[in-house]
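Thanks, everyone. Please look at the screen.

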Amino acid sequence: MSSALGQSTVFNTELLRKNHFCMGKRRSKRYVCSSEVDEPNIINNVVELIIEAIRRIWHWRVWDLWWVEEWMDKLLIIYNNVEVWLRGKYGEEVINNILRLVDEFISYNERLWKYWHDVSNEVKRLIEDLVSGRAEVIIRGNDISGISVHGKYITLSVDKASNDSIMVQLKLKGFESVIIEVLDVFMKTMSREEYAKFVNGVLRALRGGFDETDGFNERGKATMGTT
């Protein structure tokens, strides 16, 4: 592999095995190393999780800003077209409140863009450390249910479910997730049937797009993940 951030699917497993492996102990809100692990079978299983995580991060090139900018563009299009879509169907109060919601999403994405612009290089360094055998890999659970690799602002978390599916998450430090509330005005200005259609057709679609960017909220922290 010529570069740590290359797209090769061939890994130097000997280098991956040189990472520092330890069993994790829960301390406050994070896992820390408690005892070193040198059992080959355990390390081999952990290396498989590391390889899967790196492949996904490479595939999405999450260190780039494209995924934030792409959804910001979509939100601006939504904002510009809201009145066209909804004019004649709903009153001014509903339209203005939808615009306010979109404004909140746009504002949050702008903050996320600035944050990611400053810290995304840490994702590159994390990968480079892993493939070069320089990272500290914390193993969670005696059955290797997951691993964590901590950076200053980014924590890579890989979890294996009972059905062998794998969840790869990047947890962002110093950037809080947000909860954007939908005002009661929507229910007050529509019939129950209209409100159900509105939630399914407009609000959930908007929230779904937002999730593409933010991922989800975990203990108040913004988190991105793939399964």
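Start with D159. Is D159 buried, partly exposed or exposed? Its relative accessibility is 25%. Buried means under 20%, and exposed means over 50%. So D159 counts as partly exposed. Keep in mind that this is a predicted model.

Now, which residue does the side chain of D159 meet? The partner is R140, and the two side chains form a salt bridge. The N to O distance is 2.7 Å. Find both ends on the screen. D159 sits in strand β5, residues 154–160. R140 sits in strand β3, residues 136–140. What about the accessibility of R140? R140 is at 9%, so R140 counts as buried.

Next pair. D129 and R134 also join their side chains in a salt bridge. Here the N to O distance is 2.8 Å. D129 has 26% relative accessibility, so D129 counts as partly exposed. R134 has a relative accessible area of 54%. The cut-off for exposed is over 50%, so R134 is exposed.

E122 is at 7% relative accessibility, so E122 counts as buried. R125 is at 45%, so R125 counts as partly exposed.

How many salt bridges does a search of the whole structure find? The search finds 8. I have shown you some of them.

Stay with helix α5, and bring in a partner. Helix α2 covers residues 40–60, and helix α5 covers residues 121–131. Their axes come within 11 Å. They cross at roughly 145 degrees. The crossing is left-handed.

Which residues make the contact? From α2, we have I50, I54, I57 and W58. From α5, we have V123, I127, L130 and V131. Now sort them by class. The contact has 8 nonpolar residues, no polar ones and no charged ones.

Terms used. Residues numbered from 1 in each chain as written. Predicted model: local features only at pLDDT ≥ 70, side-chain atom pairs only at ≥ 80, totals over all residues. Heavy atoms only, no water. Axes fitted to C-alpha atoms, helices over the stretch in contact; angles between N-to-C directions. Helix = DSSP H or I, 4+ residues; strand = E, 2+ residues; numbered from the N terminus. Left-handed = near helix turned anticlockwise from the far one by under 90°. Contact = heavy atoms within 4.5 Å. Nonpolar A, V, L, I, M, F, W, Y, C, P; charged D, E, K, R; others polar. Salt bridge = Lys/Arg side-chain N within 4 Å of Asp/Glu carboxyl O. Buried < 20%, exposed > 50% of the residue type's maximum accessible area, 1.4 Å probe, protein only.
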